[in-house]
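Thank you for making time this morning.

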Amino acid sequence: LAVGRISRDPSLDLGHRLDYVILQEECETPRALIRFVDFGKLSSAFIGPLNPGFCEVAAHLGENWNKAIFSWMCINYKLDSTIHHNAFARTLPSPTQILLTIMKYFKWAHVGIIASSEDIWIYTAKELATALRNHGLPIGIVTSVHKGEKGIEDTWNKIKEVNNIKIILLCMHSVLIGGQEQAALLTKALEMGLADGRYIFVPYDTLLYSLPYQNNSFSVFDNDSKLREAYDAVLTITLESGERTFYDAFREAKESGEIIRDLEATQVSPLFGTIYDAIYFMARAMDSARRKGVRASGASIAEHTKNFSFPGFSHRVETDSSGKVLNNYIILDTDGHGNQLFPTHLLDMSSGSVLSLGQAIHFPNEVPPKPDSSCWFDPGVLCTEG
């Protein structure tokens, strides 16, 4: 869909016909890296990789091959240095930065991270922990869920042993788009009395797409009162929808005959929109480099991602004068009873501030976790005595 629209877009002058090949990325990180090395001859630029476990190596290879890499999934903090990685560009704001801004606002510094047992999520959790530690935050535990009910119980028992944790990041597929593991994990937390408001659970993967929340009910809660109650302890952070949601944009593309697959919008992961935007983002960079008379190379394409503003799949995509993506995020909460999510706060990426939208967060037992000392968020101060 993206490539088709790019070829018909009169505002773009790429000087080339754009085509794509889908590279099947192995699930296991070492094998995925070996496959990636094989792809070097196939493409002029890359959208990906999906596994943060080999992002840095991929970025080095991209520089060596003189091919740009555009990624929404890489969270390795070293990649933010354009001096070291000049052929790498983010197509979404850094998830670490979003989490830091929100944690600072609520003063929740002590973090626990739980990953699904899949390789991609284990590496996501590791890289996320490293990135947050790099900002001086105390990461109490990084663990992955073992299979079965006993495995989930063991995971929660490990978490209980660590003092002071306020926020638990869940690196796995969100229950709102079919993540069974997250459903089982949250239900078990409720059964063990851990969804009582002492922790705030934050799904990680909703940071990577725009979850449709306006006028949308989530049927996963309809016949599952336990999950509904457990989700009261969850805060969902996602890309703010534009005038239309991902589902609206998908239906429009279907009605216009651009998408011919017989799928309902609700059967498609909103990650579709993120990938579409990443391809368009790359085309805009190519167009910008060409207009400035720059020879297309990995570094020059990655360099020309500044001061963008273009319509993405369901919302505008904007970057600032240094190429940082400025899309806003929204914090969503449930009321503990219904099947809808309500926006409570807006994260304004241009100013890095969190703004209340007038709807209070509904915490279990109506009490938020106790705030941590603000010294954790002051880079010039060393925190002591907890």
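Before I come to the strands, let me say that two strands are taken to pair if DSSP finds at least two bridges between them. Please also keep in mind that this is a predicted model.

For isoleucine 114, the bridge partner in strand 5 is threonine 143.

How many of the five residues of strand 4 are buried? Five of the five are buried, and so strand 4 is largely enclosed by the rest of the structure. In a regular strand the side chains alternate between the two faces of the sheet. In strand 4, Val111, Ile113 and Ala115 point one way, while Gly112 and Ile114 point the other way, and all of them are buried.

Next, the helix that belongs with these strands. Strand 4, helix 5 and strand 5 together make a right-handed β-α-β unit. Helix 5 covers residues 119–134, which is 16 residues, and from its first C-alpha to its last it reaches 23 Å, close to the 22 Å expected at 1.5 Å a residue. Its buried residues are Trp121, Thr124, Ala125, Glu127, Leu128, Ala129, Ala131 and Leu132, and what these buried residues pack against is helix 4 (95–106), strand 4 (111–115), strand 5 (139–144) and strand 6 (167–171). Just after helix 5 you will find glycine 136, which takes a positive phi of about 85 degrees.

Let me step back to the whole chain. The domain assignment gives domain 1 as 1–90 + 245–318 and domain 2 as 95–240 + 328–377, and the C-alpha centres of domain 1 and domain 2 lie 27 Å apart. Where the two domains meet, 21 residues of domain 1 are in contact with 22 residues of domain 2. The size of an interface is often given as the accessible area lost when the parts come together. Between domain 1 and domain 2 the buried area is about 1,800 Å², and carbon and sulfur atoms give 68% of that area.

I will finish with two single residues, one at a time. Glutamate 63 sits in helix 3, residues 55–65, and because its relative accessibility is 26%, glutamate 63 counts as partly exposed. Glutamate 63 and glycine 298 are 235 residues apart in sequence, yet 6.8 Å apart in space, C-alpha to C-alpha.

The other residue is threonine 334, in the loop between strand 11 (329–333) and strand 12 (342–348). Is threonine 334 buried or exposed? With a relative accessible area of 4%, threonine 334 is buried. Leaving aside residues up to four places away in sequence, threonine 334 touches Tyr231, Asp232, Gln340, Leu341 and His362. Its C-alpha is separated by 8.1 Å from that of isoleucine 361, which is 27 residues away along the chain.

Note on methods
Residues are numbered from 1 along each chain as its sequence is written. This is a predicted model: local features need pLDDT of at least 70, side-chain atom pairs count only at pLDDT 80 or more; totals for chains, interfaces and linings use all residues. Side-chain values use heavy atoms; hydrogens and water are left out. Helices (H or I, at least four residues) and strands (E, at least two) are DSSP runs, numbered from the N terminus. The expected span of a helix is 1.5 Å times one less than its number of residues. Buried means under 20% relative accessible area, exposed over 50%, partly exposed in between (1.4 Å probe, protein chains only). Contact means heavy atoms within 4.5 Å. A crossover is right-handed if, with the strands pointing away from the viewer, the path from the first strand over the helix to the second runs clockwise. Domain bounds come from an automatic or database domain assignment. Buried area is the accessible area (1.4 Å probe) that two parts lose on being put together, summed over both.
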